[in-house]
Amino acid sequence: MAQLAGVSIKTVSNVINGYPHIRPATRERVEAAVAELGYTPNLTARNLRAGRSGAITLALPDMGLAYFAELAAQVIEAAEAAGLIVQLEHTGGDRDRELELLRSPRRQSSDGLIFSPLGMSQDDAPALDVPYPLVLLGERIFDGPADHVTMRNQDAARAATEYLLASGRRRIAIIGAHEGEVIGSAGLRFAGYRAALEGAGLQVDPALVGYTGQWHRANGAETMRALLRSGVDFDAVFGLNDTLALGAVRVLLEAGLRIPDDVAVVGFDDIEEVRYSVPSLTSVHPGQDWIARTAVETLIARLASHGRGQRPTPVTRLADFSIVERESAPRG
């Protein structure tokens, strides 16, 4: 290849490995030689020389939820663009499994970990002090010893509730709350809901708070049936994720209520399905695609500096959000 391009072997290596300080004409000759010979870089050999596997691990709590399935696909896409493969770990949101994963020899087959815990809590933050690159997702642990890429849960939930208030709704039920939770998606989103109501001079009505365990359609449907049986008056529903909201929509329609005329519904996560539901669901887009790309970019940056005897200060990066208006809750 070097002979065909009329350059040194070192120059060919620099071009293939993306070294920036190559004259354009030289780069073009080498790339033409690569194309003519049909050369494919041996990534395995390259990674072995660098002491890496070329793989990263993505650990998620619930692949049955569309949000996490879509997040996994986006992480895989971003990693593949960087020449990395992704190993998936499903923890089930179980604290013991999450802690075991952090110190498991199995994880050593990859170079770093993108980790979204659900069973762990703030008290488990010291367990994140691991000897390999780690990027934390989610809202279970803050200010830990690892880089953290997450969403603005409280701000986004407040904006969603204010959106409903601005459309004239005053009796807003919430589905998906967790009793006593402060840190975590449910706790933070409930705090945003409460802040919006209080900002409008309203108080949280306990009768309008629907508590659930998991955040699946069945939970949303069951909680909505309980609200209807209670006879409590409401004119809007805020589901703390889209699947809860979709379960609630089904029950509302079965009860003969019109959406959005009788009840407006807003979800959270903006999963693909809500664009095609009937009615299509207004939802908070929490920046999931940005979170996936940024998590991979952050891990790659840590991989580049890993092993140099330096321990960079952990950083926290927050995604922007937006409210996507659809049929279930048009603007007032």
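Biologist: Against which elements do the buried residues of α9 pack?

Modeller: This is a predicted model, in which local features need pLDDT of at least 70 and side-chain atom pairs count only at pLDDT 80 or more, while totals for chains, interfaces and linings use all residues. Residues are numbered from 1 along each chain as its sequence is written, and side-chain values use heavy atoms, with hydrogens and water left out. In α9, the residues Asn 219, Gly 220, Ala 221, Thr 223, Met 224 and Leu 227 are buried (under 20% relative accessible area, where exposed is over 50% and partly exposed lies in between, for a 1.4 Å probe and protein chains only). Through its buried residues, α9 packs (contact being heavy atoms within 4.5 Å) against β6, β7, β8 and α10.

Biologist: How far apart are the end C-alpha atoms of helix α9?

Modeller: Helices (H or I, at least four residues) and strands (E, at least two) are DSSP runs numbered from the N terminus, and the expected span of a helix is 1.5 Å times one less than its number of residues. With 14 residues, helix α9 (residues 217-230) should span 20 Å, and this agrees with the distance between its end C-alpha atoms, which is 20 Å.

Biologist: What does the twist average from one strand to the next in the open sheet?

Modeller: The open sheet has 6 strands in the order β7-β6-β8-β9-β10-β12, with mixed pairing (two strands pair if DSSP finds at least two bridges between them). Since β7 (209-211) and β12 (322-324) each have a single partner strand, they stand at the edges, and one side of each is left without a neighbour in the sheet. From one strand to the next, the twist averages 20°.

Biologist: What angle does the direction of helix α10 make with that of β9?

Modeller: Helix α10 (residues 242-254) packs on the sheet and touches β6 (172-177), β8 (236-239), β9 (264-268) and β10. Axes are lines fitted to C-alpha atoms, for helices over the stretch in contact, and angles run from 0 to 180 degrees between N-to-C directions. For α10 and β9, the angle is about 155°.

Biologist: Of what kind is the aromatic pair of Tyr 67 and Phe 68?

Modeller: Rings of Phe, Tyr and Trp (its six-membered ring) pair if their centres lie within 6.5 Å, with planes under 30 degrees apart counted as stacked, over 60 as edge-to-face and the rest as tilted. The whole structure holds 2 aromatic pairs. Because the centres of the Tyr 67 and Phe 68 rings are 5.2 Å apart and their planes stand at 75°, this pair is edge-to-face.

Biologist: And of what kind is the pair of Phe 190 and Tyr 193?

Modeller: Both residues lie in helix α8 (residues 185-199), with Phe 190 and Tyr 193 being 3 residues apart, about one turn of the helix. Phe 190 is buried at 17% relative accessibility, and Tyr 193 is buried at 1%. With the ring centres of Phe 190 and Tyr 193 5.6 Å apart and the planes at 45°, the pair is tilted.

Biologist: Which residue in β11 is the bridge partner of Thr 150?

Modeller: Thr 150 lies in strand β5 (residues 147-150) and is buried, with a relative accessible area of 1%. From β5, His 148 and Thr 150 point one way and Asp 147 and Val 149 the other way. β5 pairs with strand β11 (residues 316-318) in the parallel sense over 3 bridges, and in β11 the bridge partner of Thr 150 is Leu 318.
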